[in-house]
Amino acid sequence: MFDTTLRDGEQSPGCSMSPPQKLVMARALAELGVDVIETGFPASSQSDREAMALIGREVRDPVLAVLSRCLAADIETSVRALDAAARPRLHVFLSTSPLHREHKLRMDREQVLESVHRHVTMARGYLDDIEFSAEDATRTELDFLTEVTQVAIAAGATTINLPDTVGFTTPDEIRAMFQHVIGNAAGADTVIFSAHCHNDLGLAVANSLAAIEGGARQVEGSINGIGERAGNCALEEIAMVLKVRNAFYNFDSGLDTRRIVPTSQLLQRLVGMPVQRNKAIVGANAFAHESGIHQHGMLRHRGTYEIMRPEDVGWESSQMVLGRHSGRAAVDARLRALGYWLEEEELRLVFKQFKALCEEMRVITDADLQTLMLGSPASDGYRLASMTISDIGSRANALVELSDPEGNRVAETAQGDGPVDALFAALAAATGVQLTLDSYHVHSVGVGADARGEANLGVRYEDSAYEGTGTSKDIIEASALAWLDVANRLLRQRGNIENEHVATA
Ligand code: KIV
Ligand code: ZN
């Protein structure tokens, strides 16, 4: 299981992560049991180089991979970035399809073969674990794909990845592609073949399974299926197919499937992007039975409408709650279950915050703990000091008071067609950030009288998409926190705000 949440996943709109956030996620992926973590694309950004260094120092069990183009400078940067890794892998790629050769690379077949040979040889000169990806493999002529594979193997590649870069293939087609290349490329029996499927037609998981049937023994994907455009193959889905239909596939993902839901929820919080309620395995409705007939069946026999147990993917444990009588060990255990491994001093500080929260709330849920760990959504940059909403005829008036990144007070008022409209207008006036709202959802998290409102916002700013989340007992306040979460992410990305609070996690 090759996880690319931190590379391909992080490339998707609204999913960018800072180096400390990537470290938090990498620790959780290691606990989940993935074999390989792709941490980023070091030649593309300083942030990816920093993330690789942070992760390399701490996450020692899984192989750590970084992506590199077939360029000498990229390979050198990647090798340097991998310096701290206990088990480094260099992942080099080059497009092979006629469309990419002509329009992207402006190279003919011979030039592609020569570049693959030269750069895989160079990479292998530095490291023993080399993955080569033939980008857009599924739209490449089979004879040429076989030749490229042969050249990459002869040059020293140890894993050959044949990606469905644009999510175009079908299960029958990709199965046949793997069978053909594995059956015809010299040296195929000395390497591991890998599938990397995108979800443009909703077939990423089905295609990855068909690739396994065709001989692939590594599957690349991401948690919650995040990734370029419609995303990558969702690793949690592959893992559960292999578990639930083990009699058919006879393969084991090796993942600790009870870590799936906590890992998925951690990612949702880190990038501020919730999964849809009906998302397989990790969506809120994945194990909910609403209709009377289904409930009746379930009461008679669980197997009538459930093919796997929610606790086997980690749902049950996420219902546990803590309160004012909970001790430090219980809080630590719960945080670990949620994917946060804290040093002694960090735990002491978080426990103090936990105790303070217990003064406000009877029950502390996982969602509250996660909010605590990631900081109040507005804990860096602009912070909400107070807000007042009042009706003025058919319109609403909002007064917000913020503290800005330097700690100065800023107050603004604005009117709108309702409380949320007025609130967002006042926040825009106070911060000077104009956001175009794409989506706005509110729902409750937690249990009973202690339930809290969570607001999720999707916005557009200068052609980029951003997501933000806010949680509060008051849904209007949750909306303000979500708005500030987005604005602060955006400002941070533009370099206006430094340090991420999540560094403590
Ligand atoms: O989709 C793709 O082809 C990729 C490669 C770089 C592996 O992400
Ligand atoms: Zn990809």
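Modeller: Two residues are in contact, or touch, when they have heavy atoms within 4.5 Å. The model is a predicted one, so local features need pLDDT of at least 70 and side-chain atom pairs count only at pLDDT 80 or more, while totals for chains, interfaces and linings use all residues. Residues are numbered from 1 along each chain as its sequence is written, chains are lettered from A and ligands numbered from 1 in the order in which they are written, and side-chain values use heavy atoms, with hydrogens and water left out.

The part to look at is Phe 168. Leaving aside residues up to four places away in sequence, Phe 168 touches Arg 139 and Leu 201. Phe 168 sits in the loop between strand E6 (159-164) and helix H8 (171-184); helices (H or I, at least four residues) and strands (E, at least two) are DSSP runs, numbered from the N terminus. His 198 is 30 residues away from Phe 168 along the chain, yet their C-alpha atoms are separated by 8.1 Å. Buried means under 20% relative accessible area, exposed over 50%, and partly exposed in between (1.4 Å probe, protein chains only).

Now the whole chain. The chain has 18 helices and 16 strands. Of its 505 residues, 56% count as buried. Among contacts between residues at least 6 apart in sequence, 65% join residues at least 24 apart. A compact globule of 505 residues would have a radius of gyration near 23 Å, and the chain agrees with this at 24 Å. That radius is taken over C-alpha atoms, and the globule rule is 2.2 Å times the number of residues to the power 0.38. Along the principal axes, the C-alpha atoms fill a box of roughly 75 × 60 × 50 Å.

Next come the charges. Side chains of opposite charge can pair when their charged atoms come close. The structure holds 31 salt bridges; a salt bridge is a side-chain nitrogen of Lys or Arg within 4 Å of a carboxyl oxygen of Asp or Glu.

One of them joins Asp 143 to Arg 109, at 3.5 Å from N to O. This pair links distant parts of the chain, 34 residues apart: Asp 143 lies in helix H7 (residues 142-154) and Arg 109 in helix H6 (residues 109-126). Asp 143 is partly exposed at 49% relative accessibility, and Arg 109 is partly exposed at 30%.

Another salt bridge runs between Asp 417 and Arg 395, whose closest N and O atoms are 2.7 Å apart. Here too the pair links distant parts of the chain, 22 residues apart, with Asp 417 in the loop between strand E13 (409-416) and helix H17 (419-431) and Arg 395 in strand E12 (residues 395-403). Asp 417 is exposed, with a relative accessible area of 61%, whereas Arg 395 is partly exposed at 33%.

Glu 311 also forms a salt bridge with Arg 302, and their closest N and O atoms are 3.0 Å apart. Glu 311 counts as buried because its relative accessibility is 12%, while Arg 302 is partly exposed at 36%. Both belong to a network of salt bridges that links Arg 302, Glu 306, Arg 309, Glu 311 and Asp 312.
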